[in-house]
Amino acid sequence: MQKNIFVRRALRARRLSHAAIAIAIASAALAPMPMQNARSQDTLRNAYGIVAGASINTHAASFTELPGVPSCCTGFENGSGAGLYAGIAYAVPFDAAWSLHLALLYADLSATLTKQQSIGPVLTPRGPEQAITEHRIASTTSALALRPTLAYRVAGGVPLSLFAGGHIGMLLSNEYAQRESLVSPADGTFADQRAVRNESAGTVPEASTPYAAFTAGLRADIALSPRYSLHPELAYNAAVTSLSSGVTWTPNSITAGISVLYHPPVPPPPPPPPPPPPPPALLPALAIEARTAQGTALPDVRIVVERLTRSELFPLLPYVFFDQERSELSTRAQHLLDAGGTAAFDETSLPNKTLTIYHDLLNIVGSRMRATPAAKITLTGCNNSNAAERNNLALSRGRADAVKRYLTAVWNIDPKRIAVQSRNLPKEAPDAASIEGEQEARRVEIAATSHEVLAPLRWQAAEQILTTPVIVLKPSVKAEAGIADWTVTLSQNASVLQRFNGTADLPAELLWRLDSASLPREGVPVQAVFEIADRAGQRRTTTVSLPVEKEVRTTEVIEQQGGKRIDRFSLILFEFEKSEIGPENQRILDIVRRAISSRSRVTIYGYADRTGNPDYNRNLATERCESVRRALASSLDGIQVQIEAVGSDRLLFDNDIPEGRNYCRTVQIVVETGLNK
């Protein structure tokens, strides 16, 4: 039985090789609608026809044996065969380039898998000899499938189309025949004195019924006449279903075929109806005017949303303070996170409060070191040399190590980027014999190689202001038959913002008062649609587009008072009892210079902490103000400048805590600039 199957398969393959040539000329395949040069009106209609062709079946496999079928094969990988396919086709053109095609096909997907391997010695008349066997599985496979494809014409003057789609159907036959035969030696036999073994045939074990494949290929489009077209095609079909659910065995194929399609003619158009009598005139018009809150009409018809950005700089105090004789980080002075909390930390979301920002100093430093991989810092631990802290460099070192552990353990900063030093008293601090000096000496000082690590924190907030809070709509119409009803609708992206309607005469004006809490989106125009119906049953519509624009007034505005903008800047740090401007303050002065214009007025306020008597502190504050004025001299030429030495007469922050005193050693610069020229 098995030998007869292999004979039939060989005869079929021979017949198919001859039949493929005849089919390539006489059979039909599904093809896209464009003709050789241009589509006629007929070819843009749906078409139907027949499809047929030949295939080279290229099965892909990955198994050693079929389920329940003994085999000694080390693994089947691929196979080949030939087959025919035929069916009916239907094409739906969308335009001159795109079309959809459906075909119901019967296809022969049969192929033979072979694998040769060396199996060791077998019996021969000369004695045992090394042998090579061939494992062979011949499939008899056919399918009925629907093939939808989408075709695209490559170019308007080129009669070629690319197409892609798939096959969806079921297998009609799924049989196999298996055997293992000796290839060499020619006169060898297995142990049972036969040259063939492991013969089996029947339905593929655990056979699959569904059949699905992806298909893609190229078609030529040849116009035979206004009614008929010829379409040779070449395609590749990649199966996504296996012939057996127990193994991987996909029946892929390369197909070549031709289709003939019939294009039904376009029916002649019906004769035009007689022209109706002219209707009564109905001519709507809509004018729009934008007004300010004071009622002034603006020349440009648009909605203007003014964006006012408020910003402020908060310099960082690079000191971490500790309790007496303690080296643990203080939760009073610092907001401490765990490693899981760093992902949600964002310095731009901190409130605009100086001491609140300071409490996140270590988190700001950790976040910025992550963002600046080249930056390094030096931590210098200090003590106040009082009681048990006297000459206690181990305590100073322990304080610096505590800061380093936090940055490495919580913020995952490379320890090699953090240097640690220790000393007794800081270089600059109040007298450690005082309570204030004793508190401020218990600290770790942070110095960075990169400005970005300790740069001032910028806080920003934005608000929107309507320059044109009132939009005036002025509808008008010529309605010879009289007005039945009317509607004016204002919408943006299909969202209705305001609607007016009525059944009587049109009002001269319709007022749309905008709400600053729910403004139209910037950059998307508002559509004003005026729809009106007359008593003759006619309805007309006219539309006017109203732009919505954004105007950015400034990016550095802290306050606006009347026609002025006010910018505030803080300089920090001045060292204790010092008035010299350090490198960090110079960077802030660069920002101040950019805020000063010829219309500006500058006031410099000097402050001090409560340490020392008020007269001394006012003199110190004056020196700090003068240092700033000298540094800004080139930008203050011709500018009105006022100095206010406040000293410690008005304390900016709580002076009972060391960070509050440090933040009082500052200068504030207020730049008032007229917004109107």
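**View 1. Lining of the largest cavity.** Sixteen residues line the largest cavity, and Y85, A107, L109, H167 and N237 are those nearest its centre. A cavity is a set of points, on a 1 Å grid over the protein atoms alone, where a 1.4 Å probe fits but cannot get out; lining residues have an atom within 4 Å of a point. The model is predicted: local features need pLDDT of at least 70 and side-chain atom pairs pLDDT 80 or more, whereas totals for chains, interfaces and linings use all residues. Residues are numbered from 1 along each chain as its sequence is written, and side-chain values use heavy atoms, without hydrogens and water. The volume of the largest cavity is about 140 Å³. By class, its lining comprises eight nonpolar, six polar and two charged residues.

**View 2. The second largest cavity.** This cavity has a volume of about 50 Å³. Its lining consists of F576, E577, A608, D609, T611, Y616, N617, L620, R624 and R665. Four of these residues are nonpolar, two polar and four charged.

**View 3. The largest nonpolar core around I377.** The largest nonpolar core contains 40 residues, with V320, I377, V403 and L407 making the most contacts inside it. Such a core is a set of buried Ala, Val, Leu, Ile, Met, Phe, Trp, Tyr and Cys residues joined through side-chain atoms within 4.5 Å, where buried means under 20% relative accessible area (1.4 Å probe, protein chains only). Leaving aside residues up to four places away in sequence, I377 touches V365, M369, L407, R417, I418, A419, I446, A447, A448 and V453 (contact: heavy atoms within 4.5 Å). V51, A91, A103 and L113 are among the members of a second, separate core of 29 residues.

Key:
Buried means under 20% relative accessible area, exposed over 50%, partly exposed in between (1.4 Å probe, protein chains only). On a 1 Å grid over the protein atoms alone, a cavity is a set of points where a 1.4 Å probe fits but cannot get out, and a pocket is an open set with protein on both sides within 12 Å along at least five of seven lines; lining residues have an atom within 4 Å of a point. Grid points are joined across faces, edges and corners, and a volume is the space filled by probe spheres set on the points. Ala, Val, Leu, Ile, Met, Phe, Trp, Tyr, Cys and Pro count as nonpolar, Asp, Glu, Lys and Arg as charged, and the others, Gly among them, as polar.
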